[in-house]
Amino acid sequence: MTVTNKQIAQQFAQRLLAIEAVSLSPDAPFTWASGLHSPIYCDNRVTLSDPQTRDLIASGLADLVRAHFDQVDVVAGTATAGIAHAALAADRLGAPMAYVRSAPKDHGRGNQIEGRIPVGSKVVMVEDLISTGGSVLKAAEAVEREGSTVVGVLALFSYELEKGHRAFEEAGLPLYTLSNYPTLIEVAAQSGLITSQQLATLQTWSSDPQAWSDAH
């Protein structure tokens with residue numbers, strides 16, 4: 001389940017569009033690494049280069065933690081995209097921070113978790129972008145194998161795909177994001193960045209990305 005604050009979602013969507021961290025191209029789709037054709041391309045690493053957006057991320061993520069969790073002992077980012085954002089949130093909260101690799105290192109001590117997450121800790125995971133949720137949910141499993149409890153997941157942006165919703169429901173983890181795809185395309189339309197016809201095309205993509213890709 002994804003929950004967002006509507007005002008923050010709109011404000012953050014405006015920033016993503018303003019700094020071109022998100023690009024919309026319904027008439028000339030992008031090709032993702034998976035081969036899927038998509039009318040949207042999101043690069044949240046760009047947010048780190050803009051101080052105003054970075055401050056919004058830090059305060060927004062910290063506010064989500066305060067609003068939705070009674071106790072968080074450690075903020076843990078996913079490697080690599082979630083690391084910086086987790087650090088921003090942890091710093092704003094005055095909380096310990098760690099990060100989780102996609103797999104254990106094949107040298108040294110073989111760590112998958114970098115930093116310290118004491119056994120029994122309540123942990124919130126931070127990811128930059130949610131599509132299917134696979135990466136961050138695998139990272140959460142790694143944390144729980146080490147004896148701690150993941151209480152929820154935070155992300156900057158979600159595509160709001162049905163597959164992602166199902167994955168979080170099956171994992172029993174709440175997901176809170178600063179903004180999401182429906183809000184972003186609505187803001188883009190209100191700002192005159194896309195036409196009403198393009199908005200309709202973008203809305204069609206989110207209902208079935210594979211069918212949309214096959215048709216384009």
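**Close-up views of a predicted model**

View 1. Ser 131 sits in the loop that joins β9 (122–130) to α4 (134–145); helices (H or I, at least four residues) and strands (E, at least two) are DSSP runs, numbered from the N terminus. The model is predicted, so local features need pLDDT of at least 70 and side-chain atom pairs count only at pLDDT 80 or more, while totals for chains, interfaces and linings use all residues. Residues are numbered from 1 along each chain as its sequence is written, and side-chain values use heavy atoms, with hydrogens and water left out. An unreviewed UniProt entry lists Ser 131 under "binding site"; such positions follow the numbering used here, feature names are shortened, and annotations may be inferred rather than shown by experiment. Ser 131 is partly exposed, with a relative accessible area of 27% (buried means under 20%, exposed over 50%, partly exposed in between; 1.4 Å probe, protein chains only). Not counting residues up to four places away in sequence, Ser 131 touches Tyr 159, Leu 161 and Gly 164, where contact means heavy atoms within 4.5 Å.

**View 2. Helix α4 and its packing.** The buried residues of α4 are Val 136, Leu 137, Ala 139, Ala 140, Ala 142 and Val 143. They pack against β6 (74–78), β7 (97–100), β8 (113–114), β9, β10 (149–158) and α5 (162–171). After α4 comes Gly 147, whose phi is positive, near 100°.

**View 3. The nonpolar cores.** The largest nonpolar core has 40 residues, and those with the most contacts inside it are Ile 40, Leu 61, Leu 154, Phe 157, Tyr 159 and Leu 184. A second, separate core of 21 residues includes Ile 130, Ala 139, Ala 155 and Leu 173. A nonpolar core is a set of buried Ala, Val, Leu, Ile, Met, Phe, Trp, Tyr and Cys residues joined through side-chain atoms within 4.5 Å.

**View 4. The lining of the largest pocket.** The largest pocket is lined by 31 residues, of which Glu 127, Asp 128, Leu 129, Ser 131 and Ser 135 lie nearest its centre. On a 1 Å grid over the protein atoms alone, a pocket is an open set of points where a 1.4 Å probe fits, with protein on both sides within 12 Å along at least five of seven lines; lining residues have an atom within 4 Å of a point. Helix α4 supplies the largest share of this lining, 5 residues.

**View 5. Arg 166 in helix α5.** Arg 166 is found in helix α5 and is partly exposed, with a relative accessible area of 40%.
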